[in-house]
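Here is a short report for a reader meeting this structure for the first time. Look at the sequence and the model, then read on.

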Amino acid sequence: MEEYNIKTKVVGVDISNERTTYAIVDIRGNIIAEESFDTALYRDVNSFVTVLSEKIVTLVEANGGYETIRSIGVSAPSASSISGYIENATNLPWKGSVPLAVMLRERIGLAVGMANDAHVSALGEYTFGSAHGMTNFIVISLGVGLGSCFFSRGSEHVGHRGFSGEFGHTCVEDHGRLCGCGHRGCLETYVGAKGIVKTAVEVMTSSDQASLMRNLEKLSPRTIAECCDKGDELAIEVYRQTGYKLGIGMANYASIVDPEAIILTGGISHAGQWLVDPTRESFEEHVFGNMRGKVKILTSKLDDRERDVLGASALAWSVPEYSLFK
Ligand SMILES: [Zn+2]
């Protein structure tokens, strides 16, 4: 009788504009081996996929071999789980439509599932993090851009083309700041990394008050939050304004989908109370009355990169098995 080989591991890949991280993850969510490299080193997507494939194969061969790997899950910005394409990613080196899932499958010979980074973050929170046990929740990733994913009855809402959750490009200020997408007043222009720096400059320009921010070599969400930690009033004001806008956006989102919780992830969420307190206040002020005081606003307890690799591994388990090597 032919014995069926049950595969107990998958590969999770997280592609961001800065780093590409890939890891072998076992069925219990243990990361067995993990490596990463600079995404921007490969301006041509063909050489990127070739290098990524070679590196994955080397890691797999050093950790039990091909026959133990079931499938691969990939997280990437502007990726569609429906088409398997990365489409017009603003912050990646490759422009236009890139059929990354198929390219990787052809080179490695295993099933590849791919989804938008915000969807994969939400899958990571659902499987291993703060959303464990919840069925209706929103995960918002706060970084250069703002992504989001809504889980309804335990599965992610992906939309007709796989691009749902462009929370950063919802309008919170008519005729407001110009966004990279071409519109004005998008939430991202106030709450994304560049938007927070812009608010800091505005706050400093409109006041004569002393501020530690005036002496910073580089204004960034992180350095501004460090000024807040030292009690700097203008820095606290920057996050107050940021949280006010974010709270409006989240209240609109929650009023439509009625979530149990909203989980904030990504670099900007590390500002902690300086961001979360004014966000919660604005959220409660703007959300529909039946939900007031009832929606939990949480920050992720997972390391961002680890969560995204684990989320990609959860995605890998969800695709049908396929192998050229069986
Ligand atoms: Zn926009």
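Is Cys181 buried, partly exposed or exposed? Cys181 is partly exposed, because its relative accessible area is 38%. Buried means under 20% relative accessible area, exposed over 50%, and partly exposed in between, with a 1.4 Å probe and protein chains only. Cys179 counts as buried, at 8% relative accessibility.

This is a predicted model: local features need pLDDT of at least 70, side-chain atom pairs count only at pLDDT 80 or more, and totals for chains, interfaces and linings use all residues. Residues are numbered from 1 along each chain as its sequence is written, and side-chain values use heavy atoms, with hydrogens and water left out.

**The zinc site**

Both cysteines are among the protein donors of the zinc ion, together with His169 (ND1) and Cys186 (SG). The donors lie 2.1 to 2.3 Å from the zinc ion. Donors are N, O and S atoms within 2.8 Å of the metal (3.2 Å for Na, K and Ca); water is not among the atoms, so sites may look incomplete. In sequence, the donor residues follow the spacing H-x9-C-x1-C-x4-C. The 4 donor atoms subtend angles of 103 to 121° around the zinc ion, so the arrangement is tetrahedral. Four donors count as tetrahedral if all angles lie between 85 and 135 degrees. The ideal angle for four tetrahedral donors is 109.5 degrees.

Strand β11 covers residues 261–265. Helices (H or I, at least four residues) and strands (E, at least two) are DSSP runs, numbered from the N terminus. 5 of the 5 residues of β11 are buried, so the strand is largely enclosed by the rest of the structure. Ala261, Ile263 and Thr265 lie on one side, Ile262 and Leu264 on the other. In a regular strand the side chains alternate between the two faces of the sheet.

Two strands pair if DSSP finds at least two bridges between them.

| Partner | Sense | Bridges |
|---|---|---|
| β8 (residues 137–142) | parallel | 5 bridges |
| β12 (residues 296–299) | parallel | 4 bridges |

Val139 stands opposite Ile263 in β11. Ala261 stands opposite Lys296 in β12.

**Tyr66**

Tyr66 sits in the loop between α1 (45–61) and β4 (69–76). Tyr66 counts as buried, at 13% relative accessibility. Tyr66 and Ser323 are 257 residues apart in sequence, and 9.7 Å apart in space, C-alpha to C-alpha.

How values were computed: Tetrahedral: all angles 85-135°; square planar, octahedral: opposite > 155°, others 65-115°.
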